[in-house]
Amino acid sequence: MKKWSMAFALMLGIFLLVGCGQKKYTPQAINEDVDVCVICNMQVKDDAFATQIVTKDGKNLKFDDIGCMNEWKQKNGVDHIGMDYVRDYNDKEWIQFSKATYVYDSSFRTPMAYGIISFKVKKSAEDFVHEQGTGQILSADELSNHTWQQSKDMMDMHMEEGMDGDMHEDMNMDHNGTN
Amino acid sequence: MRSKHRMNVLIFVVLIHFILVSLLFTVVAFSATEEEVSSKQIFDLQQIVDEAQPGDTLVLAEGNYLGPVVINKVLHIQGSNQVLLTNDSPEAAIMIQAEGVVVEGFNIRQNYVNESAAIVVTADEVGLKDLNIQTKGYGILLRDADRGTVLHNSISWLRTKNIKTGEKGNGIDLYNSHNNTIEQNKIQNMRDGIYLENSRQLKILNNQLMGSRYGIHCMYIDGSEIIGNLGEYNITGAMIMGVRDVLVSNNSFLKQSKNVNAQGILLYSVQNSVIEQNIVEGNRVGIYIESSQENQIRENSILRNFIGIQFVHAESNKIHDNDFVSNVIEAEATDSDANEIEQNYWDSAQGLDLNKDGISEIPYAINPFYQELISKTPAFQLFFQSTGMTFLSSMYTNNQESWTKDSSPLMKMSIDSISKPPPSSTEKGNISETTFMLLITSTLLITSVAIIFYSGVSKS
């Protein structure tokens, strides 16, 4: 019995060593006490909007919204990225950015108002759109052509369609000052 | 004879002791009964509301009421300290859907755990005053509700203490609600004390925000004013993000230091705003500014923080007439050019004022040696202010032109802020801490005197 467990431990050890040899970019769990978004400094909530980049030198960068991750890519390029992850809206499982299906609508509320939600399978994305009655389904490739507009601006555009006149002044300013 | 006298004294002392202890308990018991509103009759508030005519003023009789209540006509509902509205359903305890409703002066307990709120307002010009809200979800939500007033309410967390801040709700939460005034509210232990999103021209005045994640959290609230608020023991006092033309003045953000990411005031993507006459004291970072341009940061007192002011990708801001006193690292800047830093007071600067105008003729460049050293090896913080560290810092002149520099530092502090005691928040719920301590110490004193008097060594 003891021999077996020894052998098992040895096997496990070898297995782990071999595992270490390969470069694997595993996502880290979100710790709400210490994790803040690399871009906007907000606390990263352990929810479906959290995203993560594992760099080639093994750093885990966490973001509170996929829009912030996009901003990081714009600033730093994609050369250092080992793997980038988003989460499934329904079960919060980490999924590769390139394999996920996305739904966008300006009315969806996300931490930094980018309004993009990610799904593991296309079917659940379609179900979500059906349920909400609105939303545009996008693949990761299509996302690269996305405008990445925060709903702050969208809202002002709705206002333009016919609301209080005094709001127009704000609106003009917003168009200059998008972050 | 002597022993009889001693006996009398002992009896006297024991009696006094009992009186004091019983007094203490009555005080506690009294405040407890005040809390528990008499539980004889339970009224249906919805029925009372339904029977009222639009424009009526309802004065609620003392007692317990049950929610949820939907108010869909103009009413003025007045309660008292002895009125308690309890709600166990997932709906909000009070839903206000009619313009001009005023609700004031009673206790609300929202018992439903999760994304529920004590009060949800979806109409304009609503007034919420003097309410005492305890909630297991959110406090007050305003959705598409303009020109309202939220005045003098108290909002606190009702569930267990050991819950992550992320799982709590916000105290006051606005979305797409413009021109509202939020004044003199006291909010404790929530996720964000006041959360403001996509709302314009708000006035956030004289609120107290304790023990929450962010005291005030602003996203996209152009043209708003945040004045005279007090934040203590939050992760971040004021988190101001994605705004323009905002005024942040006369606030105090103190003791935000428990979390590794704590700040007094954080500005992210803020343009053309004024941050003036605030006190940021004892925080991890006093004022943190990232990706922000064209702001005025003036006449603030930045005291006893680990890092006084920190710039990251922040350009063309004007920083003047601030007092920097007793900060471990006074200022730190990364990729931040063209900020105008002038006429601030730095307690560690050595100035020379030849023409007696109160402004030093030699600029003050902040030596980044210590900061650079500890950012590489945090353990070197042990050597803060040690002779070796001071000596090495003075040797270090590398790349001096890129140091953060005040071109004309002040010789004297511009604001007399040190002598002004910061507003305190020590008052406790039932009896004040000082009374409690006084009672305890006096009983202890009397007991000890009695023991010495009675059993102490006597020469006879």
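**Parallel strands in chain B**

Strand β6 (residues 83–87) of chain B pairs with strand β9 (residues 107–110) of chain B in the parallel sense, over four bridges. The model is predicted. One residue pair shows where these strands meet: Asn87(B) has Gln110(B) in β9(B) as its bridge partner.

Now follow β9(B) to another neighbour. Strand β12 (residues 132–135) of chain B runs parallel to β9(B), and four bridges join them. Here Arg109(B) stands opposite Gln134(B) of β12(B).

Next, the annotated region. The UniProt record, an unreviewed entry, places the annotation "domain: Carbohydrate-binding/sugar hydrolysis" on residues 52–197 of chain B. That span is 47% strand and 0% helix. Its end C-alpha atoms lie 35 Å apart.

The chain has 41 strands and five helices. It contains 460 residues, and 40% of them count as buried. Consider the contacts in chain B with a separation of 6 or more. Residues 24 or more positions apart account for 44% of these contacts.

Chain B also touches chain A. How many residues of each chain are in contact? On chain A there are 15, and on chain B there are 21. On the side of chain A that touches chain B, the elements giving two or more residues are α5 (151–160) and α6 (167–176) of chain A. By class, this side of chain A has six nonpolar, five charged and four polar residues.

Note on methods: Residues numbered from 1 in each chain as written. Chains lettered and ligands numbered in written order. Predicted model: local features only at pLDDT ≥ 70, side-chain atom pairs only at ≥ 80, totals over all residues. UniProt positions renumbered as here; feature names shortened; annotations may be inferred. Pairing = 2+ DSSP bridges. Buried ≥ 20, exposed ≤ 12 C-beta atoms within 10 Å, placed from the backbone. Contact = placed C-beta atoms within 7 Å. Nonpolar A, V, L, I, M, F, W, Y, C, P; charged D, E, K, R; others polar.
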